[in-house]
Structure formats: C-alpha cells, structure tokens
Amino acid sequence: MNRWSTFVEKVKAKDFIIVADCCFMQNPLTMLMAKYNEPCHSIKKFISEVEEVILELDPILIYLDPLSVQEVIEDVKMKRSPEWFKHVYSCYTKQEYGKVHSLPEGLEGVVQLLEDRAGLEKQLISHLTIKLAVIPVSFQSRRTEEILAEIF
C-alpha cells in the first residue's frame, strides 16, 4: 500500500488527468490470482485497500467488459508476436493458479483463466464505491474511443 499512498501524495496537488492502465485491477489480479493463486477474499481485501487509498483522487474506473474472452484474446494474439503469446500462456497455465486448476496449455488455458479473472473482476467492481464506467467490448465492435467520448 505504500506505493499507492506515495502515488496519491505526489499527484493529488497536480492539475492534470492520469490514466493508470491496468494497475488497479488487471496487474494485481494477474499476480495475486495467476501467479500466487490467492483466495478471492484476499484479492478483494487488497483491491478494497487500494480503493480506499486512491479515493481522494476521485478516480474513475473504466472497465472494458469482454463479451467473448476467446474472441478478444484470439484477436489480440493475431496482432502480437508468437513470443508474447508463449509468455502469456506460460504465465497463466504454469504458475500456481494454472497448476491448482489443471489449466491446459495454449489458448484453452489462457481463455479459462481470463474468463475466471473476468468473473472475479465483475464481483470486485460490484463492491467498489469509485465512479465506474463498464464498456462491453467484442473484437468485432471495438468502438472504445467512441464510447469513451460519449461518457466524457
């Protein structure tokens, strides 16, 4: 929590907007869930503590809700290098969560973990008090910029 507290202290007096991509949910969930297989209550506690620290910044969480995890990851996989996907499936299927849940290697294991993570994310955001915008995303209709423009 010290890093989050330091971050808040540094930016709260500034007059600008900070976009903190991935660091509030995606990165902590990837580490706590995928790498360490932490129980849900432990992850919820961590996210709640971070939320409490950053509340004074009046943050907005923009959650991109994948309508089909498989379609989205297949689309991203096609746009990135084979090395990127090898790293992703290795992180997701060969670390603690993958081992405990016997995730298959390759795309199937990645999709299963990401679907599980999306389910946990939805549980977590239902308990948040910060401002929230949930944007449904599919690989076929990636109009994120248009949707964000309507919100702001």
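Tutor: Let's start with Arg117, which sits in helix α7, covering residues 107-125. Helices here are DSSP runs of H or I with at least four residues, strands are runs of E with at least two, and both are numbered from the N terminus. This is a predicted model, where local features need pLDDT of at least 70 and side-chain atom pairs count only at pLDDT 80 or more, while totals for chains, interfaces and linings use all residues. Residues are numbered from 1 along each chain as its sequence is written, and side-chain values use heavy atoms, leaving out hydrogens and water.

Arg117 is buried, at 10% relative accessible area (buried is under 20%, exposed over 50%, partly exposed in between, with a 1.4 Å probe and protein chains only). Leaving aside residues up to four places away in sequence, Arg117 touches Gln26, Leu29, Thr30, Met33 and Tyr92, a contact being heavy atoms within 4.5 Å.

Helix α7 also holds Lys122, whose side chain meets that of Asp65 in a salt bridge, 3.0 Å from N to O. A salt bridge means a side-chain nitrogen of Lys or Arg within 4 Å of a carboxyl oxygen of Asp or Glu. Asp65 lies in strand β1 (residues 60-66), so this pair ties together parts 57 residues apart in sequence. Asp65 is buried at 15%, whereas Lys122 is partly exposed at 39%.

Elsewhere, Lys45 and Glu49 form a salt bridge at 2.5 Å, N to O; they are four residues apart in helix α3 (residues 40-54), about one helical turn. The whole structure has nine salt bridges.
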